[in-house]
Structure formats: structure tokens, C-alpha cells
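Subject: Structure for you to look through

Dear colleague,

Please find below the structure I promised to hand over, with its sequence. Once you have it open, read on for what was found in it.

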Amino acid sequence: MNIELLKNKTVLVTGGAGFIGSNLCETLLSNNIKTICLDNFATGKRKNIIPFTEDKNFKLIEGDIRNLNDCQNACDGIDYILHQAALGSVPRSINDPITTNDVNVSGFLNMLVAARDAKVKRFVYAASSSTYGDHEALPKVEGTIGKPLSPYAITKYVNELYADIFNKTYGLDTIGLRYFNVFGKRQDPNGAYAAVIPKFVQQLMNHESPIINGDGSYSRDFTYIDNVVQMNIRALTTKNELALNTIYNVAYGERTTLLELAVLLKTYLSEFDSAIKNLEIKHRDNRIGDIPHSLASINKAKKLLNYQPQFDISSGLKEAVSWYYKNI
Ligand code: NAD
């Protein structure tokens, strides 16, 4: 991974106050790279970026990607973009498809237009494993998708279509990264739309039973944040022309059931608080829009971007659990 290539360049991270975006900002800043964060704090947190505000290489632009002017201001003088800003969560998109579409589709289009007009060198964006929809075959391979199962999944697929057209029509270089269930430090455990890992960690730390939707046999390719950061930097810096203007799965390449996950979290958290090992794991009905299983092929990322995930689920969970224990 040649992050040195970004020296003296300026990278815009949209959604930089969020979970993935703040981890991207942290890596860029720790390598002395000028980093601009565009965020409207819809789901991102000021506390996620407070440590960066002392850094002379960091600048925050408070703005909304639904506003083209905000996107144009943020893209001024920018070399590269890591576009993370979006409203995540399948249930949120089912409850409010209009706002999800406004941010994830119209906001995405605004960012593409602003990137094109500012002659940005490369536009790397957060896509999603939800694009595989109802296609059941495992592992998921980039070229074969099914029909979307939620408004959120539609928005993320539309992003891929727009990125492709902006390359073909205007010559903007893009790379889409289909993230698979990312977890790690600063992922928000609070709110109705929290992801499963931080939610279970918080429940266990509060001595509450984690509640699994369904019998626990559904499985996911849980992906530690450092693997995701690695892929973003590889996508920004690759000199391989064949690696551009396409999409990649970003995952570890193994799947873990929800029940296995809950047991692993109990085990790792029990090392900090022994009472946690006696907590019961509970169940309720499956959620609408959830796919039963998800597992990525990461061969394309390995072949074209030399991706080498450093953290499997166990080592990633141990890092995450120890961070949560110290920080919430
Ligand atoms: P997050 O909610 O922590 O971060 C999203 C950020 O975007 C937040 O800081 C939020 O305030 C900002 N944002 C939202 N609407 C905005 C707007 N209108 N204008 C400006 N900023 C806005 O979520 P995350 O988990 O860090 O997700 C980052 C990206 O990765 C998203 O595009 C998401 O769809 C995608 N993704 C995440 C996962 C995952 O497992 N976390 C999986 C697949 C895809």
C-alpha cells in the first residue's frame, strides 16, 4: 500500500465525522496528508473528529451533500475524494425512503458533478453488499447481482450506475467499494438504526441480553475497519489502469453466524467483566429486508489491488471490544 503517493495531495472525505469516514481521516492525517472533511452531522459525531481539529492538515467543512454549492465548495482544490456520506441502514430506508434517496442518490449525483467540475483525479465511493439483493449464490462475486431488497439497496446500486456513466461520459475515474458489514472503533452503538456489533457490545456492557433477529443462523462477512481503510488507500493510489472504473467487494472473505458473533462478543467482553459470561442471548422475529447470508469473494480486490486483509473476525472483534470498553 503506497500511501506516500498522497503526499502533497489533498483528500476530501465526505461523511468524515462518521464511523468509516473518521477512521479514513485518522489514517490520512497520521500520514501527514491534507484532509478535508465534509459532513452535516446527520449521523456523524463531533467527538469523532475533535482529535483531528488540532492538526494543521485537517479542515472541517460543515455542509450537506444535498446542496450542490456545498459540494462545489468542498471540492475546490481537491485531488482525491473518498465519498462516504450517506444515510445507512436498511430499516431507516424502509421507514423514510424519500430522505434516504435524497441523500444517497441526489447527494451522490451532486458530488459526482462537483468532482467532475473540479477535475478531481479519482472518486472512490462507499458502495454496499446490499446490492447483491436476492441473489442467493455464495460467495458474492462482483459481476453477478440480484434484485434489491430495500430502498437503501436501490440507492447504493444507483450510485454504481451513476459512477459508471460519469466515467464513460465525462472521463471521471471512479472506484466503488462494496462494503460488507464493517465494524470497529467509533461505530455508533446508539439509536434505532445501530449496527449489530456495537449494539450487542453496548447491551452486554450494560448487562442486558443481546437480542438476535431470528434463530441466529443468518450469517455475515463481518469486516474490520482497518481492512476497509486499506482498500480505500489502495483504491486511491493504484497505478493499475485495469483496476479503475469498476467495483470491488470489501470484506474478509469468511462468514460468521449471528449466534457465533454473540458468543464471541460475550467471550471477549468477559475478559473485562466476568459477569458478562452469564448473560443469556435472546431471540425475536427476523427483520424485513434482511438477507439470510452474506459472504464475499475478495479475489478481485486481491488480484487487481493487492488487497491483503490483516484482521479476521476474531482479531478485529478483540480490537473493537477493547476500544468500546475504554470509550463507552
Ligand atoms: P455513518 O452514519 O457513521 O457515517 C455517514 C456519515 O455521513 C455521517 O458522518 C453523516 O453525518 C454523514 N452524512 C449523512 N448525510 C449527509 C449529508 N446529507 N451531507 C453530508 N454528510 C452527511 O455510517 P458509516 O457506517 O461510516 O458508513 C459510511 C458509508 O459506508 C456510507 O455510504 C454507507 O452507506 C456505507 N456502508 C457502510 C457499511 C457498514 O457496515 N458500516 C456497509 C456498507 C456500506
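S89 lies in the loop between strand 4 and helix 4, and its phi is positive, at about 90°, although the residue is not a glycine. Please keep in mind throughout that this is a predicted model.

A second residue with a positive phi is F41, which is likewise not a glycine and has a phi near 60°. You will find F41 in the loop between strand 2 (34–39) and helix 2 (46–49), where, at 15% relative accessibility, F41 counts as buried. H207, the residue that follows helix 7, also has a positive phi, near 60°. While you are looking at the backbone, please turn to the peptide bond between L138 and P139, which is cis, with an omega of about -5°; P139 itself is placed in the loop between strand 5 and helix 6.

The ligand

Which residues come nearest to the ligand? Of the 27 residues around the ligand, these are I20, D39, T43, Y152 and V182. By class, the shell is made up of 14 nonpolar, 9 polar and 4 charged residues. Helix 1 (19–30), strand 5 (122–128) and helix 6 (151–170) each supply at least two residues of that shell, and strand 5 gives the most, with 3 residues.

A polar side-chain atom of D39 lies 2.5 Å from a ligand oxygen, while polar backbone atoms are found 3.0 Å from a ligand oxygen in the case of A42 and 2.9 Å from one in the case of G44. Taken alone, the ligand would expose 820 Å², and the protein buries 90% of that area.

H83 belongs to strand 4 (residues 80–83) and is buried, with a relative accessible area of 3%. Its side chain makes a polar contact of 2.7 Å with the side chain of T14. Leaving aside neighbours within four places in sequence, the residues in contact with H83 are T14, I65, F108, M111, F123, V124, Y125 and A126.

Q84 lies in the loop between strand 4 and helix 4 (90–95), and, with a relative accessible area of 11%, Q84 is buried. If residues up to four places away in sequence are not counted, Q84 touches a set of residues that includes V13, T14, I20, A126, Y179 and N232.

How many of the residues of helix 7 are buried? The number is 9 of its 10, so that the helix is mostly covered, and among the buried ones are I197, F200, V201 and L204. The cover over these buried residues includes strand 7 (182–183), strand 8, helix 9, strand 13 (282–284) and helix 11.

Helix 8 (residues 225–237) has 13 residues and reaches 19 Å from its first C-alpha to its last, which is close to the 18 Å expected at 1.5 Å a residue. Because 12 of its 13 residues are buried, helix 8 is largely enclosed by the rest of the structure; the buried ones include I225, N227, R234 and T237.

Helix 9 (residues 258–270) also has 13 residues, and at 1.5 Å a residue these should span 18 Å, which agrees with the 18 Å between its end C-alpha atoms. Its buried residues are L258, L261, A262, L265, K266, Y268, L269 and S270, and what covers them includes helix 7 (196–205), strand 8 (211–213), strand 9 (219–220), strand 12 (256–257) and helix 11 (313–327).

Is N240 buried or partly exposed? At 27% relative accessibility, N240 counts as partly exposed, and its place is in the loop between helix 8 and strand 11 (246–250). The side chain of N240 reaches the backbone nitrogen of L242 at 3.0 Å. From C-alpha to C-alpha, N240 and L38 are 28 Å apart in space, and 202 residues separate them in sequence.

With best wishes

Notes
Residues numbered from 1 in each chain as written. Predicted model: local features only at pLDDT ≥ 70, side-chain atom pairs only at ≥ 80, totals over all residues. Heavy atoms only, no water. Near = heavy atom within 4 Å. Polar contact = N/O pair within 3.5 Å; in protein donor to acceptor, adjacent residues only side chain to side chain. Areas by Shrake-Rupley, 256 points an atom, 1.4 Å probe, with all protein chains shown as cover. Helix = DSSP H or I, 4+ residues; strand = E, 2+ residues; numbered from the N terminus. Nonpolar A, V, L, I, M, F, W, Y, C, P; charged D, E, K, R; others polar. Expected span 1.5 Å × (residues − 1). Buried < 20%, exposed > 50% of the residue type's maximum accessible area, 1.4 Å probe, protein only. Contact = heavy atoms within 4.5 Å.
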